[in-house]
Amino acid sequence: MKLLSSTNRYYLLLAALVFAVGSVVFYYSMGWALRVEVDEQLVNHRTATLNLIRRTGQLPTNSLGNELAVTPGPLPTQLRDTTFFDPVEQEQVPYRQLSFAVSSSQGAQWVTLRKSLLETEDMLGVVLAVMLTVLSLLLLSLGVLNRWLAHRIWHPFQLTLEALRHYNLQHQQPLALAAATPIDEFTELNQALTQMSTRLAADYQSLKDFTENAAHEIQTPLAIMQVKLEQLLQTEELPLATSQLIGDLYGATMRLSRLHQALALLTKIENRQFPGAVPLALDKVVENKLHLLQDFVDNKELRVERVVAPGQPPLHMHPALAESMVGNLLQNAIKHNHRGGTLSWILTPDYLAISNTGPALVGEPSRFFERFRKLNATSDSPGLGLSIVQQICRYYGYTVSYSFAAADSLHTLRVQF
Amino acid sequence: MKLLIVEDEPVLRNALLEYLRHDGYVCEVADSYLQAHEKIKLYQYDCVLIDLTLPDGNGLDLVRTLKADGSRAGVLIISARAALDDKVLGLELGADDYLAKPFHLVELNARLKAIIRRRQFQGQHHLLFRDLSVFPEQALVLVRDEPLTLTRKEYDLLLFLLANPNRVLTKESIAEHLWGDDADTADSFDFIYTHLKNLRKKLQEKGVDNYIRTIYGTGYKLSTE
């Protein structure tokens, strides 16, 4: 929910509550005031009537409808509520009445003065209606004002948000935020964010430097280990057990060295250290790589299917990265294929898809691209192939996706240019 | 055969020196750009091994100097594997071959021999080993003057073995020699076994036996006896 609608919701809720309570209080206090007024009028009227009787000796005549009645019977002398039927309005109309005894020629008589409460009720209605209209108009205009203000006041915040959304640590550009905004809080926010991004960039840089240095420093000891083990292997008349031990060590060193190379390559791609992009015919790259991998294709008795749509994708890539991407995809398709399976590749101006047959995989497909993700945990491969593919795709703004067709158990990795 | 090894890492430099001397090369070493530069200006070498990352300069400048001087020396570049651009640049500058670090000594040896062979004899050279003669330019193998038919990979394997007689070739180094970066695709060690079995069988059919010995747990060796 938006901040504005969220606060507006509370505003409305509170306003409705205040309105309701206020209206009730207003209605009753208004009613009470009017009634007091009517009562006062009735009392004044009584004084006037008594004076009149005293002066003239005449009882007032019942001139206008229900306003005045003279009756013989004894009546209670307080102010009372009553109703009469109004033939015009066709309904019972509330009245306030005051009875008092007077002595006249006909003996003791009771005069009842009445006043209709209908007018006051109407007035109450009008007042209430005007109140409500004014209040709702006020609310509405406040809402509109709020919205407009929000748009205006929150503008710097929206800009900040946009800048954050497009911020990428790897681009190594500082977070571009306005240093001063009309709102102090947003200025503070921008300052804090700028400081944070600077700190992040510094941390990232030092981490990257560390990784790079570590990668570089690992290289030499690895080369030494490999060379020394090889020298050791050349020693004449090595006992079988020793030679096997050295062989195992040598194999492990090789694995470590392959892992190191793959990680170094990933780091280099992440650091965008491959500026030399050239126009490239990807079908040739795939053909060449397949030719190099022919032994492995033959060994698994794979059938290679090739579909190249007319029209080359207009690709600009570093040749080594293109080769690495295609190589990893093909190796993947061979490695996870079964004997006598199919390896097919499709190249259109929009995408490259490489498919292989193979048993269905367990696990979340999006995680196949994670580093050190291996189908077979005991495999010698470091499990970086697809990470490298993904990283290369990211580098050039392509997307790589995995899909599985259960019908013909076909795994497809598709690079969308 | 005179070599210059330009490598700043002492352990690696000594290992190369020892290995190549054992193979009968006359070797000199340089541990810095300046020293290497001085040596290539003063002396003639048959081949120069250049590590590109030197503390006081870039090995590629040494290649430029050699080429500018019109040197006849072969050039083998050694560099970090992730530095893909160095390879292209190095070869463009006129280096004969490129080897990524870490490398196998046997691979280095094979590359070195191939460079020297190409440079010195312009393809007129052939390799002799016991009853085998190999003419690399024609990809022809003779066993006691009878041609031996080999597949491409068997031939590559034989040549690799011939470049390193009496040395143990690990399965890893053979796989990398035959398939390069694709060596870890799948079951490459099984392939080596298959290719070697076939090669042995073909040699056996021509009446030459026991040339290739298996060193259990590690690899194979071309035996001189």
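Two strands are said to pair if DSSP finds at least two bridges between them. Helices (H or I, at least four residues) and strands (E, at least two) are DSSP runs, numbered from the N terminus. The views below show a predicted model, in which local features need pLDDT of at least 70 and side-chain atom pairs count only at pLDDT 80 or more, while totals for chains, interfaces and linings use all residues. Residues are numbered from 1 along each chain as its sequence is written, chains are lettered from A and ligands numbered from 1 in the order in which they are written, and side-chain values use heavy atoms, with hydrogens and water left out.

**View 1. An open sheet of 3 strands in chain B, with antiparallel pairing.** The strand order is E12-E14-E13. Strand E12 (168-170) and strand E13 (212-215) of chain B are the edge strands, each pairing on one side only. From one strand to the next the twist averages 30°; axes are lines fitted to C-alpha atoms, for helices over the stretch in contact, and angles run from 0 to 180 degrees between N-to-C directions. Helix H6 (residues 152-163) of chain B packs on this sheet and touches E12, E13 and E14 of chain B, where contact means heavy atoms within 4.5 Å. The direction of H6 makes about 70° with that of E14(B). Between E13(B) and strand E14 (residues 219-222) of chain B there are 4 bridges, in the antiparallel sense. Opposite Ile212(B) stands Leu222(B) in E14(B).

**View 2. An open sheet of 4 strands in chain A, with antiparallel pairing.** The order of the strands is E1-E4-E3-E2. Its edge strands are strand E1 (68-71) and E2 of chain A, and each pairs on one side only. The twist averages 35° from one strand to the next. Helix H1 (residues 3-56) of chain A packs on the sheet and touches E2, E3 and E4 of chain A. The direction of H1 makes about 30° with that of E3(A). H2(A) lies across E3 and E4 of chain A and runs at about 140° to E3(A).

**View 3. The hairpins on either side of E3(A).** Strand E2 (residues 79-86) of chain A runs antiparallel to strand E3 (residues 91-104) of chain A, and 8 bridges join them. Asp81(A) has Arg96(A) in E3(A) standing opposite. The hairpin of E2(A) and E3(A) has 4 residues between the strands, and Gln90(A) takes a positive phi near 60° there. E3(A) also pairs in the antiparallel sense with strand E4 (residues 107-116) of chain A, over 10 bridges. In E4(A), Val111(A) stands opposite Phe100(A). The hairpin from E3(A) to E4(A) passes through 2 residues.

**View 4. Strand E3 (residues 47-51) of chain B, largely enclosed by the rest of the structure.** This description applies because 5 of the 5 residues of the strand are buried; buried means under 20% relative accessible area, exposed over 50%, and partly exposed in between (1.4 Å probe, protein chains only). In a regular strand the side chains alternate between the two faces of the sheet. In E3(B), Cys47(B), Leu49(B) and Asp51(B) are buried on one side, and Val48(B) and Ile50(B) are buried on the other. Strand E1 (residues 2-6) of chain B runs parallel to E3(B) and is joined to it by 4 bridges. Val6(B) has Ile50(B) as its bridge partner in E3(B). A further 5 bridges join E3(B) to strand E6 (residues 74-80) of chain B, again in parallel. Opposite Cys47(B) stands Gly74(B) in E6(B).

**View 5. Val134(B) in strand E9 (residues 132-135) of chain B.** Val134(B) counts as buried because its relative accessibility is 1%. Not counting residues up to four places away in sequence, Val134(B) touches His126(B), Leu127(B), Leu140(B), Val141(B), Tyr155(B), Leu159(B) and Leu162(B). The C-alpha atoms of Val134(B) and Pro147(B) are 9.7 Å apart, and the two residues are separated by 13 residues along the chain.

**View 6. Thr348(A) in the loop between strand E8 (342-347) and strand E9 (351-357) of chain A.** With a relative accessibility of 13%, Thr348(A) counts as buried. Its contacts, not counting residues up to four places away in sequence, are Ala309(A), Gly311(A), Pro313(A) and Phe417(A).
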